[in-house]
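Good morning, and thank you for coming.

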Amino acid sequence: MTEIRPSLSAEIVQRVDELAAISEAPDNLTRVFLSKELRAAADLLMAWMREAGMSAHMDAIGNVCGRYEGTVPGLPCLMLGSHYDTVRDAGKWDGPLGIVAAIACVGDLHRRSVRLPFVVEIVAFADEEGTRFASTLLGSRAVAGTFVETALASRDKDGVSMRDAMVGFGLDPARLSNAARKASDVLAYLELHIEQGPVLEAEALPVGVVTAIAGATRLAVELRGMAGHAGTVPMALRRDALAGAAECIVAVETLCRADQGGLVGTVGVIHAAPGAGNVIPGLTSFTLDIRAPTDDHRIGAVAEIRRTVEAIAARRGLALQIDVTHENRTAPCAPWLQDQIGDAIAAEGHRVFTLPSGAGHDGMAMIDIADIAMLFVRCRGGISHHPAEHVDEADVDASARVLLRVIEHFKPKE
Ligand code: GLV
Ligand code: MN
Ligand code: MN
């Protein structure tokens, strides 16, 4: 078995805790794209990368990139990564575990003076969650060269544009394309991540091989009615945008619940204006996140949801606008990489188990320039995007051992 110092998982857990302490809120973990907390986390990551024998820098979008050279200069890389932004009131493992586990593996190679016939690169992506601006996967899209520049005009909840936030962070939006990598420089992209679901726990397994990352569609829906006096306008004469949104939300839930094929729909954000207890809401906007195991299923469901929402808006006399803020196809994990992860899992003495990912990951963007793969780690109760997210240290150790073995035995595609 690959020898990992017993303290390796202790170091990973301690670093996950250190990153979790960097938050905009004193009593919960929230670290969003281009914030001062993200900058502080980046500095810590660069210091850890350098300690692990890597060169480290921040790229043009705020990703932290570490490079561990191979046997000779100028080799292509095996890219490891995950994200260091979070959702609001997040758990501490979603994203950071994959970054600090990768750093720990490189640190182990460095201590043993092992050089490989390829570069090991670690990229800590600055935005995967899309918490601050409507669009997601901004860090990995910049690396894949698919960042859409119009996103720079989008604004956060305080009205700050992404362009201004980048400048405030010390980055130059005009140089964004410098973050892009060439496909010929990346042999594969591999991410270790918590499962964020209950399957591995039910299988009594610490790790699993991901087969594909399910696609997702995110919509921004706006309903416009007529604001008015809460005491004087009879119910039959109202065009209440919030009541219309409520009917839409329940209709989406009913549609997804009736589906037998794994369709899920979530409204995670809703705003009503003008926002006073004695005023009928004239304007409501909400987000809608739709996912399904196959693209055809998701695309069909989104079309049906659109028709349903349109019918509700028309019946209630509400003007409707629906914008697609995010659309990602299902990203299959490369079979040749799944095999190498499976071999490492078996060599570490675990049963090889494969499962799909319902959650989105940076591999969805990286697939445009490289074959991708993921190693999932069991998390308690399948809980994620919640402060109760938890991974046992023994599972951290098991996953780091597998990752190190994959790196050391990695064979590029013939
Ligand atoms: C990312 O965590 C997502 O699946 O939305
Ligand atoms: Mn994640
Ligand atoms: Mn997440």
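A donor, as I use the word, is an N, O or S atom within 2.8 Å of the metal (3.2 Å for Na, K and Ca); water is not among the atoms, so sites may look incomplete. With that in mind, the donor residues of the manganese ion (ligand 3) follow the spacing D-x34-E-x255-H along the sequence.

Before I continue, two remarks on the basis of the talk. The model is predicted, so local features need pLDDT of at least 70 and side-chain atom pairs count only at pLDDT 80 or more, while totals for chains, interfaces and linings use all residues. Residues are numbered from 1 along each chain as its sequence is written, chains are lettered from A and ligands numbered from 1 in the order in which they are written, and side-chain values use heavy atoms, with hydrogens and water left out.

Let us return to the manganese ion (ligand 3). Its protein donors are Asp94 (OD), Glu129 (OE), Glu129 (OE) and His385 (NE2), at 2.1 to 2.7 Å. Helices (H or I, at least four residues) and strands (E, at least two) are DSSP runs, numbered from the N terminus.

Histidine 385, at 42%, is partly exposed.

Aspartate 94 bridges the manganese ion (ligand 2) and the manganese ion (ligand 3), which lie 3.5 Å apart. Histidine 83 lies in strand β3 (residues 77-83) and aspartate 94 in the loop between β3 and α3 (96-111), so this pair ties together parts that are eleven residues apart in sequence. Both histidine 83 and aspartate 94 are buried.

Next, ligand 1. Which residues are around ligand 1? With a heavy atom within 4 Å as the criterion, they are Glu128, Glu129, Arg218, Arg291, Ala359, Gly360 and His385. An oxygen atom of ligand 1 lies 3.0 Å from an N or O atom in the side chain of glutamate 129. For the side chain of arginine 218, the corresponding distance is 3.2 Å. A polar side-chain atom of histidine 385 is also 3.2 Å from an oxygen atom of ligand 1.

I close with the backbone. The peptide bond from alanine 273 to proline 274 is cis, with omega near 5°, and proline 274 lies in the loop between β10 (270-273) and β11 (279-280). Leucine 34 is not a glycine, yet has a positive phi of about 65°; leucine 34 is placed in the loop between α1 (7-20) and α2 and is buried, with a relative accessible area of 7%. Glutamine 196, likewise not a glycine, has a positive phi of about 65°. Glutamine 196 sits in the loop between β5 (186-194) and α6 (199-202) and, at 17% relative accessibility, counts as buried.

Technical notes. Buried means under 20% relative accessible area, exposed over 50%, partly exposed in between (1.4 Å probe, protein chains only). A polar contact is a pair of N or O atoms within 3.5 Å; within protein, one must be able to donate a hydrogen and the other to accept it, and residues adjacent in sequence count only if both atoms are side-chain atoms.
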